[in-house]
Amino acid sequence: MKLLDKYGRIIKDLRISVTPRCNLHCLYCHPLGWEMTEPPGTVTVEDVRNFLEAMQLLGLESVRFTGGEPLVRKELPEMIAAARDLGIGDIAITTNGMLLRRKAKELKAAGLRRINLSMDSVTPEVFRAMTRGGEVGKVWEAIDTAFELGLEPVKLNAVMIRGMNEGEVIPLASLSLDKPLHVRFLEYMHLDNSNPEVYRQRFIAGRETKAVLERHFGPLKKLDTDPTAPARVYQIPGALGTIGFINPVTEPFCSNCSRLRLTSDKKLRPCLLTDLEMDIAWAFEAPNPLEALVDAILLATDRKPAFGNTLPHLRERVMVGIGG
């Protein structure tokens, strides 16, 4: 069956945040002091299995496990295996890559199909500043590991912030030339509760990033992609990979949104860019959790708003606690 919201959008993609903990503190995601420990009632492997089964009954096609940093959660392979055993075809993770090399084989064996890697810079000093201590060399290792194990397509996500990494646009895009890497440039969203005026000064519109690329490489070739996917995808002529632009602020894609998000503390969020969330802990604890979770999903889908709010304002929860 197909799960439709009241605006006719098909809900088929799921994000599950398995932990708010992270081993990096990226400035656009993780204000220091926020979401540093597992919340009470953190989702278990059985919870994830039940939720995936409920979503599958309603037409789920893909699941992506996020954090925080999902690889700090030791039960992640079991959660991935639960998705595999249910026959879900598209199983992915979003990771900063710091732990991937040593855990990738186990994740692959569990059923992981592909990865999204955060890579805001190729320059070690810039990367270290944006992540507050990360080593970009670990991301290079993660890229190599992903290709070695066939965890493809490999997508690299770069959040563009003025005064930090606008000089990295050409080096990042160039990664798509000789390898089938899919480099995506993301607009900085106000999901970190930063000072609104500071946020506005740091914000870079996707069209500005695209203009920089076209001045350097010439016109980019537009590719046809799934309209429910957030990225608008292009290619540098002759490149093996692609360039994507995810512009939720200047070019909202709410009308095609196909996603629900489950947080690690059992809140169901029908929209990333609003504070609307439903506490569905009761459904996991119900005598028949599968039936209760289906009811909760249907209710959340019915409450999915037409549009999110991209304007700077105080959020009840920052990005690291929501999940990507």
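**A loop residue to begin with**

Select Arg132 first, which has its place in the loop between α4 (124-131) and α5; helices (H or I, at least four residues) and strands (E, at least two) are DSSP runs, numbered from the N terminus. Arg132 has a positive phi of about 55° although it is not a glycine. With a relative accessible area of 37%, Arg132 is partly exposed, a term for values between the two cut-offs, where buried means under 20% relative accessible area and exposed over 50% (1.4 Å probe, protein chains only).

Before going on, note that this is a predicted model, in which local features need pLDDT of at least 70 and side-chain atom pairs count only at pLDDT 80 or more, while totals for chains, interfaces and linings use all residues. Residues are numbered from 1 along each chain as its sequence is written, and side-chain values use heavy atoms, with hydrogens and water left out.

Now select Lys266, in the loop between β10 and β11. Phi of Lys266 is likewise positive, near 65°, in a residue other than glycine. Is Lys266 buried or exposed? At 9% relative accessibility, Lys266 counts as buried.

**The whole chain**

The C-alpha atoms fill a box of roughly 60 × 40 × 40 Å, taken along the principal axes. A compact globule of 324 residues would have a radius of gyration near 20 Å, and the chain agrees with this at 19 Å; the radius is taken over C-alpha atoms, and the globule rule is 2.2 Å times the number of residues to the power 0.38. Of the 324 residues, 57% count as buried.

**The sheet**

Next, colour the strands: 12 strands form an open sheet with mixed pairing, in the order β7-β8-β9-β6-β5-β4-β3-β2-β1-β10-β11-β12, where two strands pair if DSSP finds at least two bridges between them. The edge strands are β7 (221-222) and β12 (278-279), each of which pairs on one side only.

Select β2 (residues 62-66) together with β3, and you will see two strands that run parallel and are joined by four bridges; in one of the places to look, Arg64 has Ala92 in β3 as its bridge partner. Strand β3 (residues 90-95) is mostly covered, since five of its six residues are buried. For a contrast in direction, select β10 (residues 259-262) and β11 (residues 267-269), which pair in the antiparallel sense over two bridges. There the bridge partner of Leu262 is Leu268 in β11.

Within strand β5 (residues 154-160), select Asn157, which is buried with a relative accessible area of 11%. Which residues is Asn157 in contact with, leaving aside its neighbours within four places in sequence? They are Asn116, Leu117, Ser118, Met119, Asp120, Arg184 and Leu186, where contact means heavy atoms within 4.5 Å.

Then move to Lys12, in the segment before β1 (13-17), which is buried with a relative accessible area of 12%. Not counting residues up to four places away in sequence, Lys12 touches several residues, including Gly59, Glu61, Asp226 and Ser258.

**Aromatic rings**

Show the side chains of Tyr234 and Phe245, both of which are buried. Ring pairs link Phe185, Tyr234 and Phe245 into a cluster; rings of Phe, Tyr and Trp (its six-membered ring) pair if their centres lie within 6.5 Å, and planes under 30 degrees apart count as stacked, over 60 as edge-to-face and the rest as tilted.

**Two cis peptide bonds**

Finish with the backbone. A cis peptide bond joins Gly67 and Gly68, with omega about 10°, and Gly68 is found in the loop between β2 and α2 (76-85). Another cis peptide bond joins Glu152 and Pro153, with omega about 5°, and Pro153 has its place in the loop between α5 (136-149) and β5.
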